[in-house]
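Welcome! Take a look at the sequence and the model below, and then let us walk through them together.

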Amino acid sequence: MRARTAVLVAAAAAAAVLKAGHWELYADRHRIHLTPVARRSCPDCRGAGGWWTGGPFPEMEACGCWSERRELRIRLLRVPAWPDEPPF
Ligand SMILES: [Zn+2]
């Protein structure tokens with residue numbers, strides 16, 4: 001009972017964060033997964049999340065407005081063990 005309340009509180013907090021628009025939410029019955037996304041108001045990438053560096057071998061440079069934030073995972077239920085291979 002206490003654990004369920006904690007999950008509900010966490011989900012409510014996640015929903016609040018979502019409204020800020022800085023996170024992408026993935027949820028299923030096993031977990032809630034929040035991935036940081038670029039801020040639209042970011043002065044560096046303007047929400048693109050990065051930019052291409054010049055030169056002969058262009059690379060995508062990740063902007064610090066999302067890459068320096070951690071992903072947030074909330075485990076909801078125990079993930080079942082991988083099923084045994086069918087007997088042939
Ligand atoms: Zn940025």
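## Buried and exposed

A residue is called buried if 20 or more other C-beta atoms lie within 10 Å of its own, exposed if 12 or fewer do, and partly exposed in between, with C-beta atoms placed from the backbone. By that rule, buried residues make up 6% of the 88 residues in this chain.

Please keep in mind that this is a predicted model, where local features need pLDDT of at least 70 and side-chain atom pairs count only at pLDDT 80 or more, while totals for chains, interfaces and linings use all residues. Residues are numbered from 1 along each chain as its sequence is written.

## The elements of the chain

How many helices and strands does the chain have? There are two helices and five strands; here helices (H or I, at least four residues) and strands (E, at least two) are DSSP runs, numbered from the N terminus.

Strands of a sheet pair through backbone hydrogen bonds, either parallel or antiparallel. In this model, three strands form an open sheet in the order E1-E2-E5, and their pairing is antiparallel. Strand E1 (23-27) and strand E5 (72-75) are at the edges with a single partner strand each, so one side of each has no neighbour in the sheet. On average, neighbouring strands here are turned by 10° against each other, direction ignored; the axes behind such angles are lines fitted to C-alpha atoms (for helices over the stretch in contact), and angles run from 0 to 180 degrees between N-to-C directions.

Two strands count as paired if DSSP finds at least two bridges between them. E1 and strand E2 (residues 31-36) have five bridges, and these two strands form a hairpin with three residues between them. Across this pair, Glu24 stands opposite Thr35, and Tyr26 stands opposite His33. On to the next pair: E2 and E5 are joined by four bridges, and the bridge partner of His33 in E5 is Arg73.

## Contacts along the chain

Two residues are in contact if their C-beta atoms, placed from the backbone, lie within 7 Å. Of the contacts in the chain with a separation of 6 or more, 38% are between residues 24 or more positions apart.

Now find Asp44, in the loop between E2 and strand E3 (50-52). Is Asp44 buried or partly exposed? Asp44 counts as partly exposed because it has 13 C-beta neighbours inside 10 Å. Leaving aside neighbours within four places in sequence, Asp44 is in contact with Cys63 and Cys65. Asp44 and Cys63 are 19 residues apart along the chain, and their C-alpha atoms are separated by 7.3 Å.
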